[in-house]
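Biologist: Can you walk me through this one? I'll ask as we go.

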Amino acid sequence: MSGPDTPVEAGTPAAGRRELTYAVLLSLAGAGLAFWAATRTWSVEVTPRGSLPSARQGRTGADLLPWLSALALVGLAGGGAVLATRGRVRRLLGGLLALLGAAVAAGGGYGLVAAFDGDMSRQWPALCLLGGVLAALGGGLTAARGQRWPAMGARYERHSAAEAPAGADRRPATERGTREAWDALDRGEDPTVS
């Protein structure tokens with residue numbers, strides 16, 4: 001019997017769900033942090049205008065490295081897609097997420113050492129680097145262990161009427177009630193046909 005203080009073994013479904021949760025959270029948090037940091041002002045260029053006040057032009061990380069925010073958004077979408085995939089596809093997606101995270105981290109690292117025009121704020125590239133590393137860790141965890149994790153249940157998959165579970169009620173759904181009508185729609189049946 002397992003209680004709240006009983007350790008969960010590595011091969012159990014609970015451990016798989018926990019790893020899946022960690023991987024998805026790492027991917028989403030990392031990509032989200034990187035996207036947010038890429039939209040902050042990394043550089044402010046000050047142009048003197050004689051007796052007029054100096055002109056200040058701020059440039060975000062997305063302005064300086066246009067591909068950075070795009071990769072972070074793809075990482076966000078991929079982090080959510082981990083939940084909807086299974087098996088080999090999930091592992092391939094994990095590898096792709098790890099590469100995306102590494103690319104985002106490289107962009108953040110480049111922002112830390114590059115000599116852009118104007119006064120640089122190094123905190124945003126550093127956060128972008130951190131977000132890329134977190135996303136890469138989530139993708140790497142998915143690539144390494146994702147095949148063993150649970151997938152979405154079959155109740156979310158569409159089945160034809162011929163594939164209906166054994167013992168399913170074959171009466172028209174209109175004769176069975178509202179709940180059955182929705183279940184019929186889930187199976188791909190038209191509940192209005194007798």
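Biologist: Which element gives the most to the lining of the largest cavity?

Modeller: α4, with four residues. This is a predicted model, where local features need pLDDT of at least 70, side-chain atom pairs count only at pLDDT 80 or more, and totals for chains, interfaces and linings use all residues. Residues are numbered from 1 along each chain as its sequence is written, and side-chain values use heavy atoms, without hydrogens and water. Helices (H or I, at least four residues) and strands (E, at least two) are DSSP runs, numbered from the N terminus.

Biologist: What volume does the largest cavity have?

Modeller: About 60 Å³. A cavity is a set of points on a 1 Å grid over the protein atoms alone where a 1.4 Å probe fits but cannot get out, and lining residues have an atom within 4 Å of a point. The volume is the space filled by probe spheres set on the points, which are joined across faces, edges and corners.

Biologist: Which residues line the largest cavity?

Modeller: Among them are Ser27, Leu71, Leu97, Gly101 and Gly132.

Biologist: Switching to helices, at what angle do α4 and α5 pack?

Modeller: α4 (residues 87–113) and α5 (residues 123–145) pack at about 165 degrees, with axes 7 Å apart. Axes are lines fitted to C-alpha atoms, for helices over the stretch in contact, and angles run from 0 to 180 degrees between N-to-C directions. That makes α4 roughly antiparallel to α5 (over 145 degrees).

Biologist: And the strands: how many bridges pair β1 and β2?

Modeller: Seven, in the antiparallel sense; strands pair if DSSP finds at least two bridges between them. Ser43 has Arg59 of β2 as its bridge partner, and Ser43 also stands opposite Met120 in β3.

Methods
Parallel < 35°, antiparallel > 145°, perpendicular 65-115°, else oblique. 1 Å grid on protein atoms, 1.4 Å probe; cavity = no way out; pocket = protein on both sides within 12 Å on 5 of 7 lines; lining within 4 Å.
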